[in-house]
Amino acid sequence: QCRVRIVAGLLWGLAGSLYAGPIAVPNGSFESPATFFVSLNFDSWQRTPQPVGWDENASGPWTNQTGIFKNTDPGSADHIVNCNGDQAVWLFANPGVGFFQDYDSVDWDDPAPTHGFDVKFEVGKSYRLTVGVLVGGLESGGGIPQGATLDFSLYYRDASGNRVTVAATTVTNSASIFSNSTQLLDFSVPVSKVQPNDPWAGQNIGILLLSTVTPDLAGGYWDVDDVRLTSDAAPVLL
C-alpha cells in the first residue's frame, strides 16, 4: 500500500509538471484592421520584399499580392465555413510572395518595430505552428496549378539579422487534398524540444508564410487564416 501511494504521488508530480498552452500571435486571424470588403494593409505582419525583376506593368504592384478580405455571408458559394472571425488573408501564388512576423518586423503603418511579438525559443520546450489554408477560386473554376507550393516556417535571426529556419512545412496543391474553397485545412510545423546547445535557444521566434511556387506554376491564390503557436514544456519529475 505504501508503494502504491509513492508511485501515485510520483505520477501526480510528473503529470502536474506538464504544460501545453497557446502563445499569442498578434493579429493571428487577420482581423485588424477591419474591412467591409478587402484591404491591402494588415497589422502586425510585414510583407516579404519585392523581388528584383518584378514587373509591375505586367503583374501589378507588389503590395497587391497579399491583403485581407472579409468572409462572405453564410450561404454564399464561397463562404469559408471555418474561418476564425470575419476575415482572412489572401496570398497570390507567385514566387517570393509572403509575410512574416518577429520581434523586429514592421507592418504597413509602423516605421519602427513595435516588438509586439516578443516570444523566445525556451530550453526544454517544444513548439508547434499551425495554419489554416485553402486554395482560393475553386468555386469559380479557377485556383492554383497542381503542384504549386506554400511554405510555413519558424525561424530566428542570426547576428547579422538574417532569417534562419528552425523548422518548415511545405504545402503542395493537390486535387486530392484541396477539393473545395470553403474549408480551411490545418497544416503544422513542429519544433522538437529545444536543447541548450541549439543555435535558436533563447532567440526570438519568427513566423514566415511564403509562396515557394516555381515560375512555371505561378498563378491563382491561397487563402490563409488562424495562425496559431503553442508550446509544450518537457515533463519534470517532482
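**Exercises on a predicted protein model**

Asp102 is buried, with a relative accessible area of 5%; buried means under 20% relative accessible area, exposed over 50%, and partly exposed in between (1.4 Å probe, protein chains only). The model is predicted, so that local features need pLDDT of at least 70 and side-chain atom pairs count only at pLDDT 80 or more, while totals for chains, interfaces and linings use all residues. Residues are numbered from 1 along each chain as its sequence is written, and side-chain values use heavy atoms, with hydrogens and water left out.

**Exercise 1. The salt bridge of Asp102**

Task: Determine which side chain meets that of Asp102 in a salt bridge, and where the two residues lie.

Solution. 
- Step 1. A salt bridge requires a side-chain nitrogen of Lys or Arg within 4 Å of a carboxyl oxygen of Asp or Glu.
- Step 2. The side chain of Arg157 meets that of Asp102 at 2.8 Å, N to O.
- Step 3. This pair links distant parts of the chain, 55 residues apart: Asp102 is in the loop between S6 and strand S7 (125–135), and Arg157 is in strand S8 (residues 149–157).
- Step 4. Asp102 is buried, whereas Arg157 is partly exposed, because its relative accessibility is 25%.

**Exercise 2. Further salt bridges**

Task: State how many salt bridges the structure holds, and describe the one between Arg228 and Asp186.

Solution. 
- Step 1. The structure holds 4 salt bridges.
- Step 2. One of them joins the side chains of Glu122 and Lys125, at 3.6 Å from N to O; Glu122 is partly exposed, at a relative accessible area of 41%.
- Step 3. Arg228 and Asp186 form a salt bridge through their side chains, at 2.7 Å from N to O.
- Step 4. The residues of this pair are 42 apart and link distant parts of the chain: Arg228 belongs to strand S12 (residues 221–233) and Asp186 to strand S10 (residues 185–191).
- Step 5. Arg228 counts as partly exposed because its relative accessibility is 27%; Asp186, at 49%, also counts as partly exposed.

**Exercise 3. Aromatic pairs**

Task: Explain why the pair of Phe30 and Phe99 is edge-to-face.

Solution. 
- Step 1. A pair of aromatic rings is described by the distance of the centres and the angle of the planes.
- Step 2. Rings of Phe, Tyr and Trp (its six-membered ring) pair if their centres lie within 6.5 Å; planes under 30 degrees apart count as stacked, over 60 as edge-to-face and the rest as tilted.
- Step 3. The structure holds 10 aromatic pairs.
- Step 4. In one of them, the ring centres of Phe30 and Phe99 are 5.7 Å apart and the planes stand at 80 degrees, so the pair is edge-to-face.
- Step 5. Because Phe30 lies in the loop between strand S1 (19–23) and S2, and Phe99 in strand S6, the pair ties together parts that are 69 residues apart in sequence.
- Step 6. Phe30 and Phe99 are both buried.
- Step 7. Another edge-to-face pair is formed by Phe121 and Tyr127, with 5.5 Å centre to centre and 85 degrees between the planes. Phe121 is buried at 1% relative accessible area, and Tyr127 is buried at 4%.
- Step 8. Phe30, Phe42, Trp45 and Phe99 are linked into a cluster by ring pairs.

Methods. Helix = DSSP H or I, 4+ residues; strand = E, 2+ residues; numbered from the N terminus.
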